[in-house]
Amino acid sequence: MVSAWQGIEAALSPVIGQRGVAMLYKRSLYLVAPSHPWLTGMHEGVQSSIDLDALKSVFAQQHAAIAAVAGGAFLQTFCELLTSLIGASLTERLLRPVWAHFSSGPPAQDTPP
Amino acid sequence: MTTKVTINRLATGVPGLDEVLGGGLPEFSFNLIAGPPGCGKTTLAHQMMFALATPKRPALYFTVLGEPPLKMLRYQQQFDFFDSALVNRSIHFINLSDDASDGNLDQVLQRIVAEVEAHHPALVFVDSFRSVVHASRGLGDPHNNLQQFVQQLGMLMTSWQATTFLVGEYFIERDTEAEANPVLTVADGLIWLRQSVERNSMVRKMEIMKMRGQPTLPGLHTFRIGSAGLEVFAPAGAALPERDASNAKSLGARLLMGVPFLDEMMGGGLPRGYSVLVAGPSGSGKSILASAFLAEGARCNETGVIAVFEQRPSRLRNGLLAALIESGQVGLVDSRAPDLSIDEIVQLLLNEIRRLEASRVVIDSLSAFELALAPTFREDFRESLMRLVNALVGEGVTVLMTSELEDRYIDLRFSPYGTAFLTDAIILQRYIEVGSRIRRVLAVVKVRASAHSDELREFSIDDEGIHIGEMLSDQEGLLGGRPTRKQASSRSRTAIVADGGDESSHHEQDL
């Protein structure tokens, strides 16, 4: 999951800036926390860039299955947030290189045909 | 053999802009797109970028501190030209806010250089440039820094063979401070966008203040931003007529007006390529005459165009006209857009004329047309009207315009604008009172370089249209509005009766 976020940061920060990515990341954490209470409050630590080490350590404390579900939900929330701002086709276009690196494919989302 | 360099001109993809620029955008030029917030700078930049960028000639769009890129992408993709499939293929958005945030212009420049080397762009946009200026403040002498930055950027981009645009807000106007601003002197081209606000109307205007090596069209050009992006309205007449006038000749020298006897009164119809003004008071039958003119064209297999400013097309009261529009023989220009400019109207008309290969054009009416114009254009309405007429006649069409004319019985006027001299022919309609009834009379006042009737004839209107009747030979003083039955003695007088004399005799009778 960490490498997915690395990929997202690499794909998006040239376009919208590190700070822009960090803000979306922060908001996604905030949105996903109510369903995964162990993530509560984590968004508060996010500043002008995303701290993947912190993410990694929080997820490492959880059971693998729980972490996987939460990690998927977090990614999906992020993609939905980005889609709500710049639309599905541009989101898909910008994040394409990220998913290309993962055999698992993108998280479930409403991608246009 | 010439060894001079040939400067390629790029087609910008913005309708009308290439004409205003004097033939497109010079390749490798270093340009500035400036203007106040909300005037369309970023949209113009995007529109040109999406039109010009190809995978082999990609574009780099640098965003600096101004508009957050997420928002820019969110709003720009609403335009038709925005094709997200091109993003990361032929168009690369690059955010420089992290580099610019500490105000180090060298770092910004280095980053730009690195990206340019990585992508080999043919087009480079830096938006917004003003934020670069702001970012540089506070570090030593901002002016020097900036000058250096701009000069280096300019040189860099030219040597990398990239056509470059700096997008920025520059509030300074004209020459006063322009010389002081190094950006303006370094730039090859200055595209200045403005918004002119008068009362509650807003008109967008563009000025090409500078474009090295090109005969740009001087002055302010109106443009509009719609879902397709910007459309610039080059001055009427700037675009060369596309049609061959010989086409017109093959159709015959004169056109029929579609009203029995009117052609005879005009000396055999209206000479092709003429403009005719139909002037008369409200309800006198000007629009009906205009419809007959178009219907006659349709009968002769000619197409026409009508610009209507008065009646809503959905409730065109004139069934004949509605049928002609329905059948496609007449094109309707019915711009409900607020704050029209004359150049926009001309463009709309020319598009429709060319689409239909029309030979007859009707503008109904000039009075409503004046009201449809943005207030800022009403001042020079006469001049605008002349440009309109010239542009249409230059296109080879025959134009009929109606003009609402308040009946004034003390003088003889043909248009409220003093525009009668603009047209080649004039048909005048008037109300007169005879036997306690309002009756209508009509006269052909002018047909340039042609013999025409001098008769003042009565006419009537029914479901079939206009019927021209006889002269009211037994009446005189018709133009005074209250004709009197001729006396035996007056018949022996000369044909021309002075208005004043007639009025006075009339008064004597009343007394």
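Predicted model: local features only at pLDDT ≥ 70, side-chain atom pairs only at ≥ 80, totals over all residues.
Residues are numbered from 1 along each chain as its sequence is written, chains are lettered from A and ligands numbered from 1 in the order in which they are written, and side-chain values use heavy atoms, with hydrogens and water left out.

The interface comes first. With contact taken as heavy atoms within 4.5 Å, 18 residues of chain A touch 18 residues of chain B. The size of an interface is often given as the accessible area lost when the parts come together. Here the buried area (accessible area, 1.4 Å probe, that two parts lose on being put together, summed over both) is about 1,500 Å², and carbon and sulfur atoms give 55% of it. Val15(A), Leu90(A) and Arg93(A) supply 37% of the area that chain A buries against chain B, more than any other three residues.

Between chain A and chain B, eight residue pairs, both at pLDDT 80 or more, are in polar contact. Such a contact is a pair of N or O atoms within 3.5 Å; within protein, one must be able to donate a hydrogen and the other to accept it, and residues adjacent in sequence count only if both atoms are side-chain atoms. On the side of chain A that touches chain B, helices H1 (2-32), H3 (64-86) and H4 (88-100) each supply at least two residues. Helices (H or I, at least four residues) and strands (E, at least two) are DSSP runs, numbered from the N terminus. H1(A) gives the most to this side, with eight residues.

Side chains of opposite charge can pair when their charged atoms come close. In one salt bridge, Arg111(B) pairs with Asp99(B), and their closest N and O atoms are 2.6 Å apart. Arg111(B) lies in helix H5 (residues 105-119) of chain B and Asp99(B) in helix H4 (residues 97-100) of chain B, so the pair ties together parts that are twelve residues apart in sequence.

Two backbone details remain. Most residues other than glycine have a negative phi, and most peptide bonds are trans. A cis peptide bond, with omega about 5 degrees, joins Asp364(B) and Ser365(B). Ser365(B) belongs to the loop between strand S17 (360-364) and helix H15 (366-372) of chain B. Ser436(B), a residue other than glycine, has a positive phi near 60 degrees, and Ser436(B) lies in the loop between strands S19 (425-434) and S20 (437-447) of chain B.

Key
Salt bridge = Lys/Arg side-chain N within 4 Å of Asp/Glu carboxyl O.
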